[in-house]
Amino acid sequence: MKEYTIIRTADTVNASGIPEAQIDTILWLPDAGIRAAARVTYDDSALHVLLKAKEKAVRAEHTGRYGMPCEDSCLEFFFRPLSEDSRYINLEFNPNASFYAGIGHCGKDLIRILPDPGLFQAMPERTQDGWQISYRVPYTFIRMFFPSFSPKEGGIMYGNFFKCGDLTEKEHYLSWNPVTSEQPDFHRPQDFGLMRFL
């Protein structure tokens with residue numbers, strides 16, 4: 001199981017010195033030459049997430065909160081706070097900031113959440129070699145499902161970062177922590193890595 005350190009900082013998640021998780025485990029299909037990385041920090045009110053992809057042929061067809069960003073170039077963050085509730089939250093974004101938010105124990109019982117699009121303050125950006133997106137996950141949102149969530153130094157949660165593109169020029173699936181299923185399936189909390197708050 002891989003581990004990632006989430007640093008407490010008042011600075012932007014773009015600041016130098018923030019640990020980066022490499023989303024570089026190639027899954028289920030031949031290597032499409034795409035790579036991605038993730039950063040997460042926290043402060044008094046939210047988790048701050050930066051996901052970025054090196055991807056030549058970017059697909060961005062879906063818009064709004066009712067789309068399926070996984071069909072486009074997509075970057076995803078799944079996380080499960082340490083609690084008696086074994087569900088996890090999954091957040092998926094495409095380069096238009098079209099998103100899918102869900103909660104469940106696995107893909108079969110996943111429920112789509114429809115928060116206001118402005119909640120996450122998502123900021124997509126095209127880069128020289130691909131694209132990236134930064135957003136915040138307010139604790140008020142997380143506590144709707146995990147009321148006792150309170151990140152602090154020494155605390156842990158479990159999660160994974162993913163890169164996919166079901167209908168992109170080259171279909172691809174990548175993860176930070178390896179996924180052990182034989183068929184494409186990111187919804188496997190048993191394959192989440194450890195995330196430790198510092």
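Colleague: Which residue is the bridge partner of Arg80 in β12?

Modeller: This is a predicted model. In it, strand β6 covers residues 74–81 and strand β12 covers residues 156–164. The two strands pair in the antiparallel sense over 8 bridges. In β12, the partner of Arg80 is Tyr158.

Colleague: How many of the residues of β6 are buried?

Modeller: On one side of β6 are Cys74, Glu76, Phe78 and Arg80, and on the other are Leu75, Phe77, Phe79 and Pro81. Both faces are covered. The strand is largely enclosed by the rest of the structure, because the number of buried residues is 8 of the 8.

Colleague: In the hairpin of β7 and β8, which residue in the turn has a positive phi?

Modeller: β7 is joined to strand β8, residues 99–104, by 6 bridges, and the two run antiparallel. Asn90 stands opposite Gly102 in β8. The hairpin has 5 residues between its strands, and the one in the turn with a positive phi, of about 70°, is Ala97.

Colleague: How many residues does the largest nonpolar core have?

Modeller: Leu47, Phe77, Tyr135, Val137 and Phe161 are the residues with the most contacts inside this core. Leaving aside neighbours within four places in sequence, Tyr135 is in contact with residues including Leu47, Phe77, Leu91 and Phe93. Another core lies apart from the largest one and has 13 residues, among them Cys70, Cys74, Tyr158 and Phe192. For the largest nonpolar core, the number of residues is 41.

Colleague: Why do Tyr4 and Trp176 count as an edge-to-face pair?

Modeller: A search of the whole structure finds 22 aromatic pairs. The ring centres of Tyr4 and Trp176 are 6.5 Å apart. Planes over 60 degrees apart count as edge-to-face. The pair is edge-to-face because its planes are at 80°.

Colleague: How many residues apart in sequence are the parts that Tyr4 and Trp176 tie together?

Modeller: Tyr4 lies in strand β1, residues 3–8. Trp176 lies in the loop between β13 (173–175) and β14 (193–197). Both Tyr4 and Trp176 are buried. The pair therefore ties together parts whose separation in sequence, in residues, is 172.

Colleague: What is the angle between the ring planes of Phe141 and Phe145?

Modeller: Phe141 is buried, and Phe145 is too. Their rings form an edge-to-face aromatic pair, 5.6 Å centre to centre. The angle between the planes is 75°.

Colleague: Which residues form one aromatic cluster with Trp28, Phe78 and Tyr88?

Modeller: Phe78 is one of the buried residues of β6, and Tyr88 is one of the buried residues of β7. Together with Trp28, Phe78 and Tyr88, the cluster includes Phe162, Tyr173, Phe186 and Phe192.

Colleague: What is the volume of the largest cavity?

Modeller: The structure holds 1 cavity of 30 Å³ or more. Residues that line the largest cavity include Ile26, Leu27, Asp31, Arg35, His172 and Tyr173. Its volume is about 40 Å³.

Colleague: Is Met123 buried or exposed?

Modeller: Met123 has its place in strand β10, residues 123–127. Leaving aside neighbours within four places in sequence, Met123 is in contact with Gln132, Ile133 and Ser134. The C-alpha atoms of Met123 and Ile133 are separated by 5.5 Å, with the two residues 10 apart along the chain. The relative accessible area of Met123 is 56%, so the residue is exposed.

How values were computed. Residues numbered from 1 in each chain as written. Predicted model: local features only at pLDDT ≥ 70, side-chain atom pairs only at ≥ 80, totals over all residues. Heavy atoms only, no water. Core = buried A, V, L, I, M, F, W, Y, C linked by side-chain atoms within 4.5 Å. Buried < 20%, exposed > 50% of the residue type's maximum accessible area, 1.4 Å probe, protein only. Contact = heavy atoms within 4.5 Å. Phe/Tyr/Trp six-rings, centres within 6.5 Å; stacked < 30°, edge-to-face > 60°. Helix = DSSP H or I, 4+ residues; strand = E, 2+ residues; numbered from the N terminus. Pairing = 2+ DSSP bridges. 1 Å grid on protein atoms, 1.4 Å probe; cavity = no way out; pocket = protein on both sides within 12 Å on 5 of 7 lines; lining within 4 Å. Points joined across faces, edges and corners; volume = space filled by probe spheres on them.
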